[in-house]
Amino acid sequence: MTNKERFMQLFLKINRTGTGDLLEWLEQSDFFVAPASTKYHGSYEGGLLEHSLNVYDALVKLLTIYPEVQVSEESILITTLFHDLCKVNMYKKETRHRKDATGKWEPYEAYTHDELLHYGGHGSKSVFILQNFIKVTPEEAIAINCHMSSWEDNPGVGAAFEHCPLAWLVHVADESATFITEVKH
């Protein structure tokens, strides 16, 4: 099964008004082929989709360790698959040059950051985009908004984690996907 097929299988489990419009937007965007970053994790075609699925897998594992945290399947899907919507249509390919093993210059393709929607931070932008299509619960919005934790200047993140265990778990799932699962690439 391809990553897109797996994504679609999971996406169809979300039963919220607006999912049709969300899927149409995703299909018209670069979501399924975008990288997850320019040079860090998932900096290749399809990296964003793969990363989103990896975060889903990591959160499902974490919830088996913490069964006292009760989360609906929809919330798991929404917070993991869409935590990085801010990266949609944000990266562009460009040709750069580097020296090969013999010292000759050679062209290569790289991704560059090309921000089109300047809206707050990483998490808040993802929540903003998602809320244009589906209604999210406060817990889902907090989890997506705070998934970057200390990587962004978010002074309320500690309190958010204290009051919303899902937020901390999504953060840990994101870190696990980035620094454990995706290190293999």
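## Ground rules

Residues are numbered from 1 along each chain as its sequence is written, and side-chain values use heavy atoms, leaving out hydrogens and water. In this predicted model, local features need pLDDT of at least 70 and side-chain atom pairs pLDDT 80 or more, while totals for chains, interfaces and linings use all residues.

## Salt bridges

A salt bridge here is a side-chain nitrogen of Lys or Arg within 4 Å of a carboxyl oxygen of Asp or Glu. By this rule there are ten.

One of them joins aspartate 57 to arginine 6, at 2.4 Å from N to O. The partners sit 51 residues apart, with aspartate 57 in helix H3 and arginine 6 in helix H1 (helices are DSSP runs of H or I, at least four residues, and strands are E runs of at least two, numbered from the N terminus). Aspartate 57 has 28% relative accessibility, so it counts as partly exposed (buried is under 20%, exposed over 50%, partly exposed in between, with a 1.4 Å probe and protein chains only). Arginine 6, at 24%, is partly exposed too.

Now for arginine 16 and glutamate 74: they meet at 3.2 Å, N to O. That pair spans 58 residues, from the loop between H1 and H2 to helix H4.
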